[in-house]
Amino acid sequence: MAKKSISAVDCKGKVVLMRVDFNVPQDDSGAITDDRRIRMALPSIESVVHRGGKLVLMSHLGRPKGKGPEPEFTLKPAADRLAEMLGKPVVFAGDTVGPEAEAAISNMKDGDVVCLENVRFNPGEKTGDPEFAGRLAGWADIYCNDAFGTCHREEASMVAVPLAMGSKPKVVGFLVEKEIKYLSDTIANPARPFVAILGGAKVSDKINVISNLLGVCDKVIIGGAMAYTFSLAQGGATGKSLVEKDKVELAKELIAKGGNKLVLPVDTHCGDDFNSQCNKQVVEAGKIPDGWEGLDIGPKSAEMFAAIVRSAKTVVWNGPMGVFEMPPFDQGTVAVAKAVADSDAVSIIGGGDSAAAIEQLGFADTVTHVSTGGGASLQMLEGEKFKAVEILDEA
Ligand code: AMP
């Protein structure tokens, strides 16, 4: 069932405590190198501000030890970047539940924005401490979760705080609403044929996704180094490719479960070393010579995968088809990205490397949804329910 949206609550004069994901990448000097996560939260932020709400933002940044402030993990640069984007001041509180936060919140006027310091500076964030959560919730009239990248976690700001709100409104922001719509609702009720493309390094990371999607998809295409573990399971030769020998039995089970739904590469682009300058050859799948390693799908596989994508009405893609950071072994990933971007299907790109590839290639605007969450989007594709979302109000 759909969750109640921030758009459905009256914010005027109310303190809205919004959990955002401002966990932005920074360089050694602390400068933000990619502000996408802040930009993605803007629609919810602006919606509250424009309607006269008093917006209090909380987020984590990095992995501080949880024993007090660590300057390299301060959220101040994110608050400053947000102020630039909004064209209005964002008051930064140098603590999360201390006197600075209290003073900043009590001085707020309608439409003001306060950003609290990194929630993970407090030991109670990781442990879900009810007292810490109670202090945050005590300030708020409305709780809003717009931190999709953190939705699979059960830290205080994600779970204990909304629980401590009692009967006060607990809603989703626009970003979380959109992620749930595509990663959960569309997948539960897809237009068919429904095709999933899964790649990346390890079968072990994606077993549950493969297994869940085999239950709901018409075709599940496997690429990336994962394919070589499947090849081993079929008795193929994989040379010195990246394989997980301890996952061969599991690959056999998935092959049996998948039947003709499971589509494996028919050829492999190999190298004799792990670099762009290595000697290269394309071989049939399962025939990788000793001393060579598979670094990408071959051209026949790329064309076969693209044709399957062209016939689909819903496409989900997670994980590169090869070592796409190292041309020419990006060709398989580029071919799949193009096919997904060109298709009229509802196209959903799981977070992480495939989202990065789609962005780099300039296709982000031609797909239906690019997920902002890495771990969270994978877990949603596994069919998992998130407590941080479950406990919010129904629409
Ligand atoms: P993942 O994080 O599991 O989605 O995996 C992404 C990583 O898998 C990327 O860094 C790719 O370079 C890597 N990868 C994909 N295919 C291969 C391959 N054939 N050999 C080694 N690494 C690969």
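Tyr 143 stands opposite Lys 170 in strand β6. Two strands pair if DSSP finds at least two bridges between them.

Before I go on, a word on the basis of these values. This is a predicted model, in which local features need pLDDT of at least 70 and side-chain atom pairs count only at pLDDT 80 or more, while totals for chains, interfaces and linings use all residues. Residues are numbered from 1 along each chain as its sequence is written, and side-chain values use heavy atoms, with hydrogens and water left out.

Now the sheet as a whole. Six strands form an open sheet with parallel pairing, in the order β3-β4-β2-β1-β5-β6. At its edges are β3 (91-92) and β6 (170-172), each of which pairs on one side only.

I turn to the domains. An automatic or database domain assignment supplies the bounds, and the protein chain is divided into domain 1 (6-177) and domain 2 (190-381). Their C-alpha centres lie 36 Å apart. Counting heavy atoms within 4.5 Å as contact, seven residues of domain 1 touch 10 residues of domain 2.

How much area do domain 1 and domain 2 bury between them? The figure is about 730 Å², 61% of it on carbon and sulfur atoms; buried area here is the accessible area (1.4 Å probe) that two parts lose on being put together, summed over both. Arg 36, Phe 148 and His 152 supply 74% of the area that domain 1 buries against domain 2, more than any other three residues.

The side chains of Arg 36 and Glu 359 meet in a salt bridge at 3.2 Å, N to O. Helix α1 (residues 36-50) gives the largest share of the side of domain 1 that touches domain 2, namely three residues.

Across the whole structure, the search finds 18 salt bridges. In one of them, Glu 394 and Lys 3 have their closest N and O atoms 3.0 Å apart. Glu 394 lies in the segment after α15 (387-390) and Lys 3 in the segment before β1 (15-19), so this pair ties together parts that are 391 residues apart in sequence.

Key:
Helix = DSSP H or I, 4+ residues; strand = E, 2+ residues; numbered from the N terminus. Salt bridge = Lys/Arg side-chain N within 4 Å of Asp/Glu carboxyl O.
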